[in-house]
Amino acid sequence: MATLGDYLLVSGMLFTMGFAGVLLRRNIIIIFMSLELMLNAANLSLVAFSRYRLGADGLPNYNAQVFVFFIITVAAAEVAVGLAIIVALYRARQTTHVEDINALKF
Amino acid sequence: MSSALPYYILLLPLVSAAALLLFTRRYASLSAFVSVGASIIGFVCACLVFRESEFATTDLPWIDLRPLFYVPIGLTLDGLSKTMLVLVTGVGGLIHIYSLGYMQDDAGKSRYFASLSLFMFSMLGIILANNFVMMFIFWELVGVSSYLLIGHWFERDAAAEAAKKAFLTNRIGDFGFMLGILMVWSATGSVIFRDIAGKMTSLTSHPGYLTIAALLVFCGAVGKSAQFPLHVWLPDAMEGPTPISALIHAATMVAAGVYMLVRVGFLIQASAQALHVIAWIGTITAVMAGLIATQQNDIKRILAYSTLSQLGYMIMAVGLASGEAAMFHLFTHAFFKALLFLGAGAIIIMLHHEQNIWKMGGLGKRLPITCATFLIGTLALIGCPPFSGFFSKDTILGLAYEKDKLIFYIGLCTAFLTAFYMLRLVLVVFFGKPRSDNALRGDEAPFVMTGPLLVLSVPALLAGFGFFAKIFLILPRVEEAGHVVPTLAVVAMLLGVIAAVSLYRKRESDPIDLAFLRKRFYFDELYAWLIDITQEFLAGLSAFIDHWIIDALGVRGASTTTWGVGSLLRCLQIGNLQAYAFIFGLGIIGLIYFAVFK
Amino acid sequence: MPAFLFWIFAILMLVFGAAVVLNRNPVASALSLVVSFLGLSALFMSLDAYLIGILQILVYAGAVMVLFLFIIMLLDLRAEERRKFNIVPVIGGAAVSLALFAQIYLVIDQLCGAKETFPRLSAPRTDDVRAIGLLLFDNFNLPFQIIAVLVLVATIGVIVLSKKELR
């Protein structure tokens, strides 16, 4: 049987990979996708804890799962808006290379 | 007799000045008569006060912080002050009458008489004050009145400059005076003369302190009576109208210094070193002024230096521990010097404001009354018996012969010089041939001006004699009366007369030309240079502080620091998304570290 | 769930997660992400979270990733050209990521209960849809409504943002 620690470790690894992707990749779409990875890693953690902590009636604590529900919804909305912004940015600058988008500096 | 009569005498000139300034400004002749009337009434009241032997006046408490500090408004009415009252109001009254003629066509007549009344008020205040602080206040007021009067014709640059110079030089002396008053007060706890005299032991127990306090108080006299080194203002003060020169700079204001020293004689005489310094300063002033006077060509300036010289004699007498001798000389000097100045004024006015003696000449025939009275004044000044000056100067020289032979010899030389330059003046102005058109056409002055001349010549003759002087003064006693001193004095005078006559008879221009003396020992240049240096230094210092300390550290420092910090902080706005994420990650790691692992 | 199943799906998820980050081609990246989500969904199922698992497939893999692919196609993105390889940012990024992972590992290590297996459920099949639904509409009704408004706002935002220049 997998232990809670295994699930959390896997979640941690996923999160780290997502974070590395945000820091190291230059394409803005890829960065965005790494962001999604991070969110999902958090979701996995939450669900693992929900299963671990049982409520009074021996069932999983569904509050965490409701939280995951909200996270999924918000992530979806965020992806929609974010991609709309990227499209607008692409139309303006004709590039998705993140280093080219640096006008907001001193 | 009302015990408030002295207060009325004091306040009457003030009321007259106020009336002139507030009400009769536009009516010049009315102002003149109000002022003259006030001064005559003041003289009459002063005589009435003089005849009363006992006078009890009440003090009005002004600043009452007993036991720390108590300053009343009170009057002192002993023989000394009563004599000065009569002298000041008398000579003042005569000069008021003279001014009616002299300032007849002047545009600022109301202003002149108002300032004159203010001056009378201040001078009477000095005489009547019974404590240091009140005297100091009136001392300053006299300075202000002198400023107003010297600068009466203020449109002339020279007059405005002279007024400023007088005031500032006096101020320097007054600074020392104030320090002296503070020292005396801190030692004895009181500023009232009577109290200080009673508490002298607290001062004599600290001789060094006492000497310094006495010398600081003397500073006031140095400024007011134009002693060396603050003598530079008196000759320049001749820019004012001649009646003013007569009143202020001959008879009264400059005598205020001597009066003050005699008033606090108990303080001065308690310190032998202070007396020594005072005597020598007086001597130096006397001989220096005498030397300078021999080379001056302006009639008023010669008389001004003569005043300086005689004041030197008076201060010398104070320094020789005889206030009585100083007062005697002050008394006689007031009359003959006022006489001389008024005579000079008559000459100047009748020659249409000509003041250079080399442009006069042969006036003896055209202005007989003026010439005669002027001669009487001169003879009194040079110490020719039996005129008044002989007796008073002789007394001082006798004192010097007793106490300090060196001072005596210098005093003799000064007597020689006095005779020399006065005879030079008389010969060049009144005898010989007229040297300019003005001299040719000069006429005798009107009676309103010659009247006071005649009146003044009487005391100039008589004041020296015991029977007259005893009414007013305590005559000093000279031990070794003998005949040495008077004989030597007369010999010196005769030598001076002979020298002057042989050099200056029937001359067209001055045979001697000593630049050092003519330029008044270059004192003015020296002072100007000193002031220049100090100002340059202070200005440089201020510029340095302003530029390097306030500007660089404060103003530009603040702005540069802000700029620098701003530039540093700006480096955080990189614009690179991943750099932001990186810093974000660093923050997260730090946060987790501190939250979990610490 | 038997451990080996867990590990299979976990490794699937992780490998394709790595592929997302490491791939040059954005389309390949997106498709790897889809597979990763599949693995994740299987893990959710293994934790008896059936609704969440299905939602993951439906919403994430089905809608979000499709949207991603649409945008990639719209912008016609090619594989990234190689730019000048700057070693310093790479080192920095790698260092920060590894440090973060180290911290996460240490925390999990300290966690008591990390070595325990999951406790038994009271019923063999849980009715989690019903339970989550009840929670959602009872206890969390307000957040639910707000989420609805959020989605509406996002929709409007997307429409506004994708307009061409207004004449």
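Predicted model: local features only at pLDDT ≥ 70, side-chain atom pairs only at ≥ 80, totals over all residues.
Let's begin with helices. Two packed helices are described by the angle between their axes and the distance between the axes. In chain B, take helix 9, residues 207–224, and helix 14, residues 272–293: the two pack at an angle of about 30 degrees, and their axes lie 8 Å apart. Angles under 35 degrees count as roughly parallel, so helix 9 of chain B is roughly parallel to helix 14 of chain B. The crossing of helix 9 of chain B past helix 14 of chain B is right-handed.

Most residues other than glycine have a negative phi, and most peptide bonds are trans. With that in mind, notice that the peptide bond joining Phe228(B) and Pro229(B) is cis, with omega about 0 degrees. Ala226(B) is found in the loop between helix 9 and helix 10 of chain B too. Phi of Ala226(B) is near 55 degrees, a positive value in a residue other than glycine.

Now turn to another pair in chain B, helix 3 (residues 79–102) and helix 22 (residues 447–462). The axes of helix 3 and helix 22 of chain B come within 7 Å and cross at roughly 155 degrees. Angles over 145 degrees count as roughly antiparallel, and helix 3 and helix 22 of chain B are therefore roughly antiparallel to each other. Here the crossing of helix 3 of chain B past helix 22 of chain B is left-handed. From helix 3 of chain B, the residues in contact include Leu94(B), Ile97(B) and Tyr98(B); among those they meet in helix 22 of chain B are Val448(B), Met449(B) and Pro452(B). This contact of helix 3 with helix 22 of chain B divides into 10 nonpolar residues, 1 polar and no charged.

Chain B has strands to visit as well. Strand 1 (residues 60–65) and strand 2 (residues 69–73) of chain B pair in the antiparallel sense over 5 bridges. Together strand 1 and strand 2 of chain B form a hairpin, with 3 residues between them. To trace the pairing, note that Pro61(B) has Pro72(B) as its bridge partner in strand 2 of chain B, while the partner of Leu65(B) is Phe69(B).

Finally, look between chains. Where does chain B meet chain C? Of chain B, 9 residues are in contact with 9 residues of chain C. The two chains bury about 690 Å² between them, 82% of it on carbon and sulfur atoms. Phe582(B), Ile589(B) and Phe597(B) supply 68% of the area that chain B buries against chain C, more than any other three residues.

Chains A and C also bring helices together. The axes of helix 3 (residues 62–93) of chain A and helix 6 (residues 141–161) of chain C come within 9 Å and cross at roughly 10 degrees. That makes helix 3 of chain A roughly parallel to helix 6 of chain C. The contact of helix 3 of chain A with helix 6 of chain C has 17 nonpolar residues, 1 polar and no charged.

Definitions and conventions. Residues numbered from 1 in each chain as written. Chains lettered and ligands numbered in written order. Heavy atoms only, no water. Axes fitted to C-alpha atoms, helices over the stretch in contact; angles between N-to-C directions. Helix = DSSP H or I, 4+ residues; strand = E, 2+ residues; numbered from the N terminus. Parallel < 35°, antiparallel > 145°, perpendicular 65-115°, else oblique. Left-handed = near helix turned anticlockwise from the far one by under 90°. Contact = heavy atoms within 4.5 Å. Nonpolar A, V, L, I, M, F, W, Y, C, P; charged D, E, K, R; others polar. Pairing = 2+ DSSP bridges. Buried area = accessible area lost by both parts, 1.4 Å probe.
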